[in-house]
Amino acid sequence: MSASTEKKNRQAAREAGTDKKTLAAVKEAKQKRNSKIKWTVGTIAVILVIALVVVLSATSILYTGTTALTVNGEKITPAEMNYYYSTQFYSLANQYGDYAPLMGLDLRGGTAGLAHQTCPMLPDGGTWKDYFLQAAKDEILQIRAIEKYANDNGIALTDEEIAKVDSSFDGMEQLAKSQGFGSVDKLFAANYGAGVDKVLVREASLKSALVSKVLDQTADSFHYDDAQLEDYYKSLNGESDVYDYVYYYIPAGTVETTNEDGETVTEPNDDTRAEALKKAEAIVASYEDAKGKDFVENFNAAVAENVEGASGNRRNSPASSLGVYKEWLTGSHKAGDIGIVANTDNNGQYVVMYLDRNDNHYPMAQVRHILVRAVAGEDGTFTEEAKAEAKAKAEDILNEWKSGDMTEDSFAELANKYSEDPGSNTRGGLYDNVAKGQMVEEFDRFCFEGHKPGDTGIVYGESGGVPGYHVMFYVGEGDLYSNYIAKNALLNQDMNKWMEEVSAGYEAVEGFGLRMVG
């Protein structure tokens, strides 16, 4: 992940309150970890060493005066490493928090305990601490390489850009007090690790801003015409085409058997596999006997007829992520065609129905919106009254816009004032280049149901289980999605090549202080 992306992720995390939410958990986890230490009196020397470490840690000397990494002769302190290590963690937590348990990552304790959590993304069975340490090293290498490139090419932050970075620290004193910390430095140390203070975070933020400026200028130097973009998209051979389909999975039942080693195992056998196939065939037969005109309704009815209370799962997925039924779905089909595909090792059967294939040659949408969330009750649930209040507030906001000059700019001002969407409420509620299926269903429908520039409306939607209403403003059509996919891929290739050239020869040498990180 590029340094500029990391910067944007950190900003988003701060805007969304991720750091604040994690802060208490981090502090509690570290306190619990420290309380479990069993002090054993051995020799006076051991006690003196322990006392010395405690004193040095308390004054942060170990974190600011030793070396964790050396990058081309420049020393990186454990405090600086702590900052980048923690921001890598927060970045992943902010982007993929809902999926963290599937990756074996427990976010509840913050960075505490990562050394004891196996990371499946590391081939050698390393831990999540290893993963975030490596990510921090990679980011530091990139930053140092781009800093030198900027210096060699006369690129620097303007006074206005520096002031913008400094403005991000406004209100930090108040935040620190509200969180129970005596100073901003203590807030940053608790949030990012020992030795991290306002001076370090400001310096890191300035570096990040400079890196973003360099990356933006470099990206803007690459240009691709429509012919190049179309040729590239065609070269993907349909891997980015999106398939609309419905499926239902019938797992083969399991039975207890004894393997060759005399161990009792529970697994499918030929009989249960045959039963799964028979049930899949029964669903297909029921579907083919259906008289309705709606393919999805017929499919769900066929499933329910053979599996009580069940229904199909509708998906829109690119060919590259279709899984075991990819070969069947990407074949020659018309809407409503149905088939059966065996799972890996024949331990279950997929009943799959083809609906449509989209080659992404459609214009994306440009919209602005104002999100009004419903307020949860004391028990954490959302009542119909709470939803009605959110809807009423959304209607009031739309009426306020209609009572004015009814321009896009005035809508943007209201979005900055009222919207509860941290991803857009600092840029006038704008979402540029929205693709089909990217947003919640109702939001998505508004984007692609044929609106004219300037059209407005209110739609309901739920994100992360939180209901709310979106006051919508249709800006207009954007680029073809196929061109957007091709441009991003080509730009990614060119930027990676540029980054490799810029960072050639840069390497990190680990120092004693690295063991204090995390």
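How many bridges join strand β11 to strand β12? I looked this pair up and found eight bridges, with β11 (residues 456-463) and β12 (residues 466-480) running antiparallel.

I noted the ground rules next. This is a predicted model, where local features need pLDDT of at least 70, side-chain atom pairs count only at pLDDT 80 or more, and totals for chains, interfaces and linings use all residues. Residues are numbered from 1 along each chain as its sequence is written, and side-chain values use heavy atoms, with hydrogens and water left out.

**Entry: the hairpin**

I wrote down the terms. Strands (E, at least two residues) and helices (H or I, at least four) are DSSP runs, numbered from the N terminus. Two strands pair if DSSP finds at least two bridges between them. I then checked one partner: G457 has M472 as its bridge partner in β12. β11 and β12 form a hairpin with two residues between them. In the turn, G464 has a positive phi of about 65 degrees.

**Entry: strand β3**

I moved to β3, residues 242-251. Is it mostly covered or mostly open? It is mostly covered, as seven of its 10 residues are buried. Buried means under 20% relative accessible area, exposed means over 50%, and partly exposed lies in between (1.4 Å probe, protein chains only).

I looked for its neighbours. β3 runs antiparallel to β6 (residues 313-318), and six bridges join them. V246 stands opposite R314 in β6. β3 also pairs with β8 (residues 348-358), again in the antiparallel sense, over 10 bridges. There, P251 stands opposite G348.

I followed the chain to A252, in the loop between β3 and β4 (255-258). A252 has a relative accessible area of 9%, so it counts as buried.

I found A79 in helix α5. A79 counts as buried because its relative accessibility is 1%.

**Entry: positive phi**

I checked two residues other than glycine. N72 has a phi near 50 degrees. N72 sits in the loop between β1 (69-71) and β2 (74-76). With a relative accessible area of 45%, N72 is partly exposed.

D345 has a phi near 65 degrees. I placed D345 in the loop between β7 (338-342) and β8. D345 is exposed, because its relative accessible area is 60%.

**Entry: surface patches**

I noted how patches are built: residues need over 30% relative accessible area and no salt bridge, like charges are joined within 9 Å, and nonpolar side chains (Val, Leu, Ile, Met, Phe, Trp, Tyr) within 5 Å. A salt bridge here is a side-chain nitrogen of Lys or Arg within 4 Å of a carboxyl oxygen of Asp or Glu.

Y96, Y99 and L102 make a nonpolar surface patch of about 380 Å². Where does Y99 lie? Y99 is in the loop between α5 (78-96) and α6 (128-152). Its relative accessible area is 51%, so Y99 is exposed.

D225, D226, D231, D432 and D479 form a negative surface patch. I located D231 in helix α11 (residues 226-235). D231 counts as exposed because its relative accessibility is 52%.

Definitions and conventions. Accessible areas come from the Shrake-Rupley method with a 1.4 Å probe; for residues, only the protein chains shown count as cover. Lys and Arg count as positive and Asp and Glu as negative; His and the chain ends are not counted. The place of a charge is taken as NZ of Lys, CZ of Arg, CG of Asp or CD of Glu.
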